[in-house]
Amino acid sequence: MSNYHIKHLEEYYQVYRKSVREPENFWEEVAEEHFLWYKKWDNVLSWDFKKPEVKWFEGAKLNITVNCIDRHLTTNADKTAILFEPNNPEEAAEHITYKQLHKRVCQFANVLKDKGVAKGDRVCIYLPMIPELAIATLACARIGAVHSVVFAGFSATALATRINDSDCKMVITSDGSYRGAKTIDLKGIVDEALNECPCVDSVLVVKRINSDINMKAGRDEWVQPLLENASKDCNPEVMDAEDPLFILYTSGSTGMPKGMVHTTAGYMVYTAYTFKNVFQYKEGDVYWCTADIGWITGHSYIVYGPLANGATTVMFEGVPSYPDFGRFWDIVEKHKVNQFYTAPTAIRALAKEGLEVVEKYNLSSLKVLGSVGEPINEEAWHWYNDNIGKKQSPIVDTWWQTETGGIMITPIPFATPTKPTYATLPFPGIQPALMDEEGQELTKNQVTGRLCIKFPWPSMARTIWGNHQRYKDTYFSAFENKYFTGDGALRDEVGYYRITGRVDDVIIVSGHNLGTAPIEDAVNEHPAVAESAIVGFPHDIKGNALYGYVILKDVGEGRVHDNLRKEINQIITEHIGPIAKLDKIQFTKGLPKTRSGKIMRRILRKIASNDTSNLGDTSTLLNPEVVQDIMDNVL
Ligand code: WT7
């Protein structure tokens, strides 16, 4: 039996049981069967969740780009690797074959080398969804440089924080980006960020929108002319299994974003294996994930997972609403997409537009539909199932995280019977546990608890860049010997998991992970603000939206609150990006606090969500009287 491709439910259970009973044999077989190694491992796994330290395939030597590109050249050189669909539907789509991808990655890698980038150096990539984003990412991996892709919707301040945290010596960007009918001045944002980044000595600029931008002499260079003159071959750097492949930042509930470090071999094996099974990719299929490569979903399931399987992966530059709300379905029809992977927030936004924009298109190529990023509500699930999948395409509700590197809990299409709002069963190799508040594992079914993982899996992040202590504190301290996800979940009578949402101060807005603390820090920068607390509340389209409670320094007469609201959101946009703007801002005299001075967010969340029937005992608060006042003035 091959473990690599699971086709029915019994096979899933067999493979799953093996993955738990003999995890090392199991992963060794997957790694041996399907990848190219310069040298195999000395040891499949060593781990200690107390330290914490996890190593997979130690001693092995490989290069991930050889597995994602070179090895397909003998059989699939002329197959489309990346199918680029531009923002403007009138502009022709670009089919980049494996052979062309090889050439372009090698050329880009040679340019990086010429510019002095070497193995282990960090390179920040701040690009829109154009082919160069995937190519630059792979070029870094080719030469062993550690890429740090920053989503091109982040502000200059957020970009600078991330560049400095990992000491990047180079930034790769473009003159600008297209976003629907708008253009965005990316290079201007980079210039502003770099005023604060002494570590960066070179900037490579991709020409995309032909805008007139500043090029700083000695620092900035257009990349296209350099690529034209670069050699088409570049020997892959031989990497150790545990060499870092990339850093990707994710918000934490406190302070600085966390630079999650993913390493080479385990990440490759796990993303490739999950891609194959979760999407049931078959030779000749066209696969499309609508995420941005700036998030983990794009890293794992636009770039590495699909390419490691020799797949055709669609990269879409634009937005679902341009030129109209039929764009996604237009692309599905045009490229005969077989697997389609998107976020519940997009599904809800599209469902709102009615069926006329769906029915115009032929969606019969679709075989598997995916969902990721936040819990999918029942209504959206049915809309997706009925109108996009026509009840023929199973929905895979995939639960995972930036930290997990790959999909953790998911149905396997055509094997696992789906159930609306349930991510269903753990993927082979994943051992979930639900914990109660006292730290005891709930071993029965029909329980709700905090979701942990008890055993290492190959693509787990190994550390937080520059702060191993924080990695330990955040993920390995809440429950002994377990990785804590930060999510709550329930397990039903047959063992299916349903993710109920974050149990910490992270809020998922439109599928984006936002920590409350950095937003509060930004709000508090406003000269009129004394203190603030931010919570989430349910929102029809975004899943959650942000509600800010703000105490002003001077409650005196005459302040124009609407202006203040605009100014506060402006500061948030500058510090983090427009995705973190507050939907509602309530000015208040006080915030409910415990006697030790901690803000009781639970109460604030309930008030913001209009759910005040059971606020719990507020009498032990330091200032119980503010609760009524806040309720009286809720927006
Ligand atoms: C958080 C991780 C995984 C890539 C995109 C987000 C939430 C993610 C699901 C799902 C319910 C989900 C969790 C998780 N989440 N997928 N299918 N059902 N919740 O990665 O930004 O690291 O966010 O997203 O709360 O902890 P991320």
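I take helix axes as lines fitted to C-alpha atoms over the stretch in contact, with angles running from 0 to 180 degrees between N-to-C directions, and I take helices (H or I, at least four residues) and strands (E, at least two) as DSSP runs numbered from the N terminus. This is a predicted model, in which local features need pLDDT of at least 70 and side-chain atom pairs count only at pLDDT 80 or more, while totals for chains, interfaces and linings use all residues. Residues are numbered from 1 along each chain as its sequence is written, and side-chain values use heavy atoms, with hydrogens and water left out.

**Entry 1, helix packing.** I looked up helix 5 (residues 98–114) against helix 6 and found their axes 8 Å apart at an angle of about 65 degrees. I noted this crossing as right-handed, the term used when the near helix is turned clockwise from the far one, whereas left-handed means anticlockwise by less than a right angle. Contact here means heavy atoms within 4.5 Å, and the residues that make it include Leu-101, Phe-108 and Leu-112 of helix 5 and Ile-135, Leu-138 and Ile-143 of helix 6. I sorted the residues of this contact into 13 nonpolar, one polar and four charged, counting Ala, Val, Leu, Ile, Met, Phe, Trp, Tyr, Cys and Pro as nonpolar, Asp, Glu, Lys and Arg as charged, and the others, Gly among them, as polar.

I then turned to helix 6 (residues 131–143) and helix 11, whose axes come within 11 Å and cross at roughly 65 degrees. Here Ala-134, Thr-137, Leu-138 and Ala-141 of helix 6 meet Val-303, Tyr-304 and Leu-307 of helix 11, a set with six nonpolar residues, one polar and no charged.

For polar contacts (N or O pairs within 3.5 Å), I found a polar side-chain atom of Arg-502 at 2.8 Å from a ligand oxygen and a polar backbone atom of Glu-374 at 3.3 Å from a ligand nitrogen. The protein buries 96% of the 550 Å² that the ligand exposes when taken alone, by the Shrake-Rupley method with a 1.4 Å probe.

I found a cis peptide bond between Lys-51 and Pro-52, with omega about -15 degrees.

Note on methods
Polar contact = N/O pair within 3.5 Å; in protein donor to acceptor, adjacent residues only side chain to side chain.
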